Each structure stands twice: as C-alpha cells, then as structure tokens.
Amino acid sequence: MRLRAILRAFRVGSSRPMMNPSCMRRPELVCPAGNPAMLKAAVEQGADAVYLGFKDATNARNFNGLNFDERSLAQAIELAHAHGCRVFLALNTYPQAEGWTHWTAAVDRAASLGVDALILADLGLLAHARERHPELRLHLSVQGSATNYEALAFYHERYGIERAVLPRVLSLEQVAQVVRHSPVAVEVFGFGGLCVMVEGRCALSAYATGQSPNCHGACSPAKFVRWDETPQGLEARLNGFLIDRYAPDEPAGYPTLCKGRFAVGGHTYYAIEEPTSLNTLELLPRLIEIGVAAIKIEGRQRSAAYVAQVTRVWREAIDAAFAAPRDFSPRPQWLTALDRVSEGASHTLGAYSRPWK
Amino acid sequence: MKESRFAFPPVLSRIVSRLPQTPPAAVLAFALDRLLFPRLPLADLEALLEQPLRIEVSDLGLRLALTLTRQGFRPLPLHVAPRLTLRAAARDFLALLRREEDADTLFFQRRLVLSGDTELGLLVKNTLDAIELEIPLLSHLHSRSVSVANRQRP
C-alpha cells in the first residue's frame, strides 16, 4: 500500500508523461498587504511573500488611508522577515515627465529600506534601479504586460529581472509555453479581481475621469465616485457617468466602468466584462506541474479579514496540491470561503481556460 | 448561499428611531474618544476633520450624528446634513470592528451602505482597518459568524 503511494507520487506506471519530482517546486504564495494589519494577517496565515506599496501614486492601489510610509514599511519588513516571509514593493505605475524624480526617489527609498524585491513596469525605472541598485532583485510587474518569453528574455538581459508576473490574458497552455522557455521565474495570478484593459492601460477610466490607472494608480479614483440611493435602486456614478444600478437585493460591485451594465442594442447587460473573480484553485496541480514559481492573490484594497480568509485557504490548497497533485481537488469549504469574499456572485478561470480555442 | 444572520427585532428599531438620538450619539462619541481617538493618525485624517458624519445602526433604529475634531469626537444634532453616512446592522458593525468581515464583502452583499462623499468613506474604511484595535468587551461578544465559521472548518 505504502509502495503504491510512493510509486504514485513518482508517477511510475502512469500513462501521463513522467516527471521528475525533484524538479517540482512548491509555488510561493504571494499575498496582498494594503496596511500593517493585512501584512500581519498574511504572515500569520502562512504567506511566503507579501507585496505592498508606498502611500502615493507610485503603485497601482493608490487609495486614501492605504499603503505604507517609510516607518511602517521598515516595521513591516522586520515583522515579515522575523517569520521568514519576503516583502516585495510594487512601484508599478508609469511616471509622467513631471513626476520622474518622485518615482526614482521611491525606488531609492525602497532599496535603502531593504525590500526583497521591487516590482516595476516602466523601462526607465527598471534602468534606474538596475544602474543605481545592482544588488536589488527586480520583478517585472503585471503592468508591464509581457506575454511572451522573448519579451521576458529582453527584460532579463537588459535589466536583470529575476521574475515576471504574467498578465491575466494567457491560456494555461500559453502560460506553460512561456514558463518552458522563460529565462526568469514566472508568477501568475491565482485569485481576485480581473482586468480586461491590458492590465490597467485603461482608456475607459481615462476617458471618464481624465486619469489613467497606469499613471495615477486607481481604476476609479474615489473623488469621482458617487453612490446614490434612488427610487430605481442604488446608482453608481463615475464622474457623472452612470455605470450601474442595483436593485435592493442585488449584489453590488466595485464602481469600475468595465464592470458596469450598459444599454446596448436595446439590452442592458455587462457589455464589457462581468464582475466575477478569478479563482484558479482547481488548476493548482497543473500550475505546479508547469513550474510556475509563485501564485499571486489580488486585493491590497481589501482588509485584514479578507487577507486572513484568502491566505488561509490558499496556504492549505497549495500544500495539499503539492503533496499529492494527482489526488487534489478543491475542498468545498475552500470554494465557499473564497466565493464569499469575491466581487460578483461567481468565480471564473478567466483566460486560463479557453475550451473554444 | 444565504446565511442566517442575527438582527434585532424590527419593533425595537421602530421604537428607538422615535427616541431622541443625541444621548446615544454622545455615548458613542465618548466611547470613540476613549477607545479609538488615541490611536487615530490625525495627520492622515485632515480631510475628515470637522466633517459631519452619520452612523446608522439599521436594526436598532439608531441614527448617530457626530464629527471628528482635533480634540476628539463630538456629537452633532441630527438636522446637520452628513457628508458621509455609514449604515449597517449592529451585528455587521461588530464583525467589522472584530475584523471577522471584510468591508468590501459586506458592501458587495449590500449589508454595508456608504453614502455621501466616497473619498471620505474610503479614508474612514482604510484608516480603521489599519489600526490595531483592542477593545475590551468586544472580544467577549461571540458573534454568530464565528461559530458558523468554526463549524465549517475541517
């Protein structure tokens, strides 16, 4: 019985391609930390790494009351390191000409505070970081939108990046192909909100508010958002544009233009994207087999409660999938816990699954 | 999936909503002064200072008007139009304070209603979530959500 289990673990006698288990790595679990309480929750629930940002437009979750200043970041790094958890700093918006020195100063500050890696998107910032802080580990942000291994090879050769976060637009087979040929480790999104606009290069938000998420760090800056209770229901407006109207018992969503309901050709529906959350729990054995280095959880704008709930589930799931990939199936209580905190009533495999292809 | 959630009986809300709301607002301001004010990062809360706020506990029929000043929380008369209103059932406010529930989750489920100035709302939400709260008594109130969560654990 025991021998069979061992043989099964080594896939002896399997009709599937043989795989050397020594090559298999357990993917890192990378969790969001919008504030110190979230960081603490992620560390307590077993995150391998957390990602966070400064309190300004240098990162893509630029909201009031969120993120870290120098003091809280130093404390965060100390707490995380004491528990063997690494800290990645997202500096992943695109500086405009007038903000250049502000962004490079943020790179220098992060380097001096001792973050484990910087997550960058802008080529100029990558060059700056490489030149000034050659010892600092660099990750290519999802905002860099690099979807093929030639692009990753370029970033690696030119800027020495050691990891890239893939945009949520590739099918699982495409991810496998990128990982197979990539000179750098690959991180993929496992859970949370999705973006249809080439990862934040959002013409819709920019059209409605005059501020692009890539440059200002927010899809729908709060100062442009209004919620109004009306006789027709709860209305969400972005700079005056009606983007959705919810009946009394209908679940609400984030006030983002891409996930609003619009009247098109006589029908009112989610004309661009449905507000569902990505959830790739069921793909875990395949992601491990492909060799992704890390799985990222979205949601720095959420709360410590969210981070604790989601990290707990993903820690258990990754460990279970790694220990016995062929016996793995997502436990119902995991899916229930994740669906509860999701935006929208359901979850999706996003671009990973394209049965029509 | 619909969870059964504790709520105070509607009759209570009907009675309480007809009572004067200033005494409970004064009690809330007093409690917040003792428990929350010393931990508030006032430098980050410039935008919130002197703004009329309203907290509505829907199932209790409470509508509490108050404002934050540099010296602490102050009750306000109800006729002052609020810049920001937060409304939820008593159980959900408690779950938020105890960090059992995520504010966005409650918002998606329409259990937390935010109206008025969205930017102020986000500032309040994010500031409260960033503070380590140790409120005596709160940790002894065992809400239903916890017992449900524990039962579901494998």
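User: What makes two residues count as in contact?

Analyst: Two residues are in contact if their C-beta atoms, placed from the backbone, lie within 7 Å. This is a predicted model, where local features need pLDDT of at least 70, side-chain atom pairs count only at pLDDT 80 or more, and totals for chains, interfaces and linings use all residues. Residues are numbered from 1 along each chain as its sequence is written, while chains are lettered from A and ligands numbered from 1 in the order in which they are written.

User: Which residues is Glu298(A) in contact with, leaving aside its neighbours within four places in sequence?

Analyst: They are Pro32(A), Phe189(A), Phe191(A), Gly192(A) and Gly193(A). Glu298(A) itself sits in the loop between β14 (294-297) and α11 of chain A. Helices (H or I, at least four residues) and strands (E, at least two) are DSSP runs, numbered from the N terminus.

User: How do you know what to call the packing of α2(A) and α3(A)?

Analyst: Start with the angle. Axes are lines fitted to C-alpha atoms, for helices over the stretch in contact, and angles run from 0 to 180 degrees between N-to-C directions. Here α2(A) and α3 (residues 70-82) of chain A pack at about 10 degrees, with axes 10 Å apart. Angles under 35 degrees count as roughly parallel, over 145 as roughly antiparallel, 65 to 115 as roughly perpendicular and the rest as oblique. Therefore α2(A) is roughly parallel to α3(A).

User: Which residues of α2(A) meet α3(A)?

Analyst: Pro36(A), Leu39(A), Lys40(A) and Val43(A) do. In α3(A), their partners include Ser72(A) and Leu79(A).

User: What makes β8(A) and β9(A) a pair?

Analyst: Two strands pair if DSSP finds at least two bridges between them. β8(A) and β9 (residues 233-238) of chain A are joined by 6 bridges and run antiparallel. Arg226(A) stands opposite Arg237(A) in β9(A).

User: Why are β8 and β10 of chain A at the edges?

Analyst: The open sheet has 3 strands, in the order β8-β9-β10 (chain A). β8 and β10 (241-246) each have a single partner strand, so one side of each lacks a neighbour in the sheet.
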